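Hi,

Here is the structure I promised to pass on.

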Amino acid sequence: MATFPGNLDEAVAAWLAGRGQGLAARSAALSERYKGGKTSRLVNPAAYLAARAPATFAACRKVLVEAARLAPELKPKSLLDVGAGPGTAGWAAFVQWPSLARITQVEETSTFADLAAVLNAASGIATLENAWLVRTSLQDMDTIEEADVVLASYVLAELSLASIPVTVTSLWKRASEALVLIEPGTPQGFARIHAARDALIAAGAHIAAPCTHGGACPMTGDDWCHFKTRLPRSRLHMHAKAASVPFEDEAFTYLVALRKSVPSEASRILAPPVSNKTGITLKLCGAGGLEERHIPSRDKATFKAAKKLQWGDRL
Ligand SMILES: C[S@@+](CC[C@H](N)C(=O)[O-])C[C@H]1O[C@@H](n2cnc3c(N)ncnc32)[C@H](O)[C@@H]1O
C-alpha cells in the first residue's frame, strides 16, 4: 500500500510481524502524545511505523515532487535526513532522486535509530544499506558534513519554537543545494515553518515553495498555510488506527529553500477550489498577498483550465 522503495514494504511488514498486539492502543497513545505537543521519545516504534510512517512518507513524496519540479536540474548525490525516525523521509527522497549515493541519518532516540538500522539493512537499496546513522541531536551536529539536500521531516515539532531560527540556520549551512522542511499541517506546524522562513531569508536562502515570493508572509490571524495529501490505508494501517475507511488525508505544511533562485511563478492555491454554477473561486497567495479570485464559467478557456487545479497547485 505504502509502496516504499526497494524491499522496504516487505522489510516493514516483516519487522511489524508479531508486534501487532495492542497496536491500536499504542497508536492511540501515539496520537495523543503528538496532539499534546510531546516528543517521540516515548512513542512506540511499531505504532509509528504502522500508523504514522505511511502518512509522513506520503507528505514527503508530495513535497519532494514539487521541489524537483521547481529545481529540475537538481540531481542530488548526498542527503542529510535529520530526525530520521525509521528513515521515512529518506525513502521518499530516494524515490524522487535515485541519484542519491550517500545518506546520513541523524536520530537521537535509540529505539528509532535501532529500527532505522534494521530497515536500512533490509532495504535492498545499496545507498541505504551503507547509510551513516548518527545517534545524536540535530542540534549538536559538529561532526556532520554538508549534503546536497538536507531534509527535516516532522521533527521541528519536537523542538521549542524559540530554537527554530538557530536550528534551521545550522541546517541551511549544511545544505549545498536545498533544505526541505516538512511539518504537521497545524497552526503550530505553520508557526515553526513561518519562523524557519524568516531565518532562512535572513541567511540568504531562496524560498522556492510553497511561497511564490520571498517577501513577508501575508498569513495572519487564525489562518495557517497547509496542504493535504490522500493516501490509501493498508489493512494493518486501518487496524492500527481503528479506522473504518481505507484512506486518510494527511495535513502538512512545508518549505523548500534553495541556493539558486527559481523563476518566479504566479500564486499558489491555499484551499480546496470552490465551484458552483457561476464559476470557481480560488484562495491564492502570491507576491501581492492573499487574494480570493473568482473565475467565471463564462470565461470558458480560463475556467476549463482552472477546473483542473487543486489545493496546493500553482496558478
Ligand atoms: C515524528 S518523528 C519523524 C520521523 C521521520 N522524519 C518521518 O518523517 O517519518 C520525529 C523523529 O525525530 C527524532 N528527534 C526529535 N528530536 C530530535 C533531535 N533534537 N535530534 C535528532 N532527532 C530528533 C525523534 O526521535 C523521532 O524519531
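First, the ground rules. This is a predicted model, where local features need pLDDT of at least 70 and side-chain atom pairs count only at pLDDT 80 or more, while totals for chains, interfaces and linings use all residues. Residues are numbered from 1 along each chain as its sequence is written.

The protein chain splits into domain 1 (8–258) and domain 2 (268–307), with bounds taken from an automatic or database domain assignment. Their C-alpha centres are 31 Å apart. Where they touch, 6 residues come from domain 1 and 7 residues from domain 2; "in contact" is used for two residues whose C-beta atoms, placed from the backbone, lie within 7 Å. The domain 1 side of that contact has 3 nonpolar, 3 polar and no charged residues. For these classes, Ala, Val, Leu, Ile, Met, Phe, Trp, Tyr, Cys and Pro count as nonpolar, Asp, Glu, Lys and Arg as charged, and the others, Gly among them, as polar.

Now the ligand. Around it are 21 residues, of which Thr-56, Gly-83, Gly-85, Thr-109 and Ser-153 come nearest (a residue is near if its C-beta atom, placed from the backbone, lies within 6 Å). This shell has 8 nonpolar, 10 polar and 3 charged residues. Helices α3 and α4 each supply at least two of the shell residues; helices here are DSSP runs (H or I, at least four residues), numbered from the N terminus.

Those two helices also pack together. α3 (residues 45–70) and α4 (residues 88–96) have axes 8 Å apart, at an angle of about 40°. Axes are lines fitted to C-alpha atoms over the stretch in contact, and angles run from 0 to 180 degrees between N-to-C directions. α3 and α4 are therefore oblique to each other (under 35 degrees is roughly parallel, over 145 roughly antiparallel, 65 to 115 roughly perpendicular, and the rest oblique). Among the residues making the contact are Thr-56 and Phe-57 of α3 and Trp-91 of α4. By class, the contact has 11 nonpolar, 3 polar and 1 charged residues.

The other pair is α7 (residues 164–173) and α8 (residues 187–202), whose axes come within 9 Å and cross at roughly 55°. That makes α7 oblique to α8. Ile-164, Pro-165, Val-168, Thr-169 and Trp-172 in α7 meet Arg-192, Ala-195, Ala-196, Ala-199 and Leu-200 in α8. This contact has 8 nonpolar, 1 polar and 1 charged residues.

Cheers
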